[in-house]
Amino acid sequence: VTRAIDYIHSNLSARLRIDELAENQFVSRTYLTDKFRKETGISLGKYIDDQLMFEAQRRLYRTDASIGTISRELGFSDQFYFARRFKQLCGLSPLQYRKKSRQT
């Protein structure tokens, strides 16, 4: 699981797939997802999503890069899909998050 986490952090992208991760670890998808949940308490997909949104939050706070640029850099093919996912997981749109985080 530690190697899988390292791989996720080194290859963090919305395009990262669990099948690719399992193949990199030389295990089946089922084995990896089951072991990951048992050791961490969360699903592998949720972990990847959480890491993507954490990185998006970091970039929105620390850089002046446009939302479109951040979206592309994180592997989203569409900035509107990125904004929708961000709002689903973080509760605010990327622009709202940027404004609010810089005020505090």
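These legends describe close-up views of a predicted model. Local features are given at pLDDT of at least 70 and side-chain atom pairs at pLDDT 80 or more, while totals for chains, interfaces and linings use all residues. Residues are numbered from 1 along each chain as its sequence is written, and side-chain values use heavy atoms, leaving out hydrogens and water.

**View A. Helices H4 and H6 pack against each other.** H4 spans residues 44-62 and H6 residues 79-90; helices are DSSP runs of H or I with at least four residues, numbered from the N terminus. Their axes lie 11 Å apart at an angle of about 105°, so the two helices are roughly perpendicular (65 to 115 degrees). Axes are lines fitted to C-alpha atoms over the stretch in contact, and angles run from 0 to 180 degrees between N-to-C directions.

**View B. Residues in the contact of H4 with H6.** H4 contributes Asp49, Met53, Ala56, Gln57 and Leu60, and H6 contributes Phe82, Arg85, Phe86, Leu89 and Cys90. Contact means heavy atoms within 4.5 Å.

**View C. The largest nonpolar core.** This core has 24 residues; such a core is a set of buried Ala, Val, Leu, Ile, Met, Phe, Trp, Tyr and Cys residues joined through side-chain atoms within 4.5 Å. Buried means under 20% relative accessible area (1.4 Å probe, protein chains only). Leu44 and Phe82 have the most contacts inside the core. H4 supplies its largest share, 7 residues.

**View D. Surroundings of Phe82.** Leaving aside residues up to four places away in sequence, Phe82 touches Met53, Ala56, Ile67, Ile70, Ser71, Leu74, Phe76 and Pro94.

Conventions
Angles under 35 degrees count as roughly parallel, over 145 as roughly antiparallel, 65 to 115 as roughly perpendicular and the rest as oblique. Buried means under 20% relative accessible area, exposed over 50%, partly exposed in between (1.4 Å probe, protein chains only).
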